Amino acid sequence: MKNKLTYIIDDDKLTVKLTSMLISKNEFCEEINSFFNAQYALDELKKNYSNIENLPDAILLDLNMPVMDGWQFLDEFILLPIKKEISVFIVTSSIDPADIEMSKKYDVVKNYIIKPITAEKLEAASMLICAKN
């Protein structure tokens, strides 16, 4: 089964554009929703939590963002009463071992991807999503 909807949560517009182009080129999913602010993504998830059709299959999450960072997003996200399994991939420029270790504390985080995202990294993420379906 193909990944239908992917959320990209990243405050860097260039990263979002390049990631979106890569996703489309590699047919990672059918639809992309981009959020430059993690709070907006959280609001969207809260609004649609009971409607599985409107929820993403995957979330590509940056860690370092203003307003709400990736960790704050994850802390809120895991409290949502969502009945669908959503794979979260941290996509960050942080190579800090503490961040990598921290990401392992969240069951929803399937992988920690160091920027820049590549076709190979996307393919690996796609395999992890397909494995759960």
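The model on display is a predicted one.

**The chain as a whole**

Switch to a surface view. The chain exposes about 7,100 Å², and carbon and sulfur atoms supply 55% of that area. If the residues are coloured by relative accessible area, the buried ones make up 46% of the 133 residues.

**Helix H3**

Now select helix H3, residues 70-77. Which residues of H3 are buried? They are Gly70, Trp71, Phe73, Leu74 and Phe77. Viewed down the helix axis, these residues cover an arc of only 160 degrees, and therefore lie on the same side of H3.

What covers this buried side of H3?

- strand E1 (3-9), strand E3 (58-61), strand E4 (87-92) and strand E5 (109-114);
- helix H2 (38-48) and helix H4 (97-103).

**Phe73 and Phe77**

Keep H3 in view and show the side chains of Phe73 and Phe77. Both residues lie in this helix, four residues apart, or about one turn. In general, an α-helix has 3.6 residues a turn, so residues three or four places apart point the same way.

Phe73 counts as buried because its relative accessibility is 0%, below the 20% cut-off. Phe77 has a relative accessible area of 6% and is therefore buried under that cut-off as well.

Ring pairs can be examined next. With ring centres required to lie within 6.5 Å, the count comes to three aromatic pairs. One of them is formed by Phe73 and Phe77, with 5.7 Å centre to centre and 15 degrees between the planes. This pair is stacked, because planes under 30 degrees apart count as such.

**Lys13 and Phe36**

For the last stop, select Lys13 together with Phe36. Where does Lys13 lie relative to the ring of Phe36? Lys13 lies over the face of Phe36, at 4.2 Å from the ring centre.

Methods
Residues are numbered from 1 along each chain as its sequence is written. This is a predicted model: local features need pLDDT of at least 70, side-chain atom pairs count only at pLDDT 80 or more; totals for chains, interfaces and linings use all residues. Side-chain values use heavy atoms; hydrogens and water are left out. Rings of Phe, Tyr and Trp (its six-membered ring) pair if their centres lie within 6.5 Å; planes under 30 degrees apart count as stacked, over 60 as edge-to-face and the rest as tilted. Helices (H or I, at least four residues) and strands (E, at least two) are DSSP runs, numbered from the N terminus. Buried means under 20% relative accessible area, exposed over 50%, partly exposed in between (1.4 Å probe, protein chains only). A charge sits over a ring if NZ of Lys or CZ of Arg is within 6 Å of the ring centre and within 35 degrees of the ring normal. Accessible areas come from the Shrake-Rupley method with a 1.4 Å probe; for residues, only the protein chains shown count as cover. The arc is that of the directions from the helix axis to the C-beta atoms. Contact means heavy atoms within 4.5 Å.
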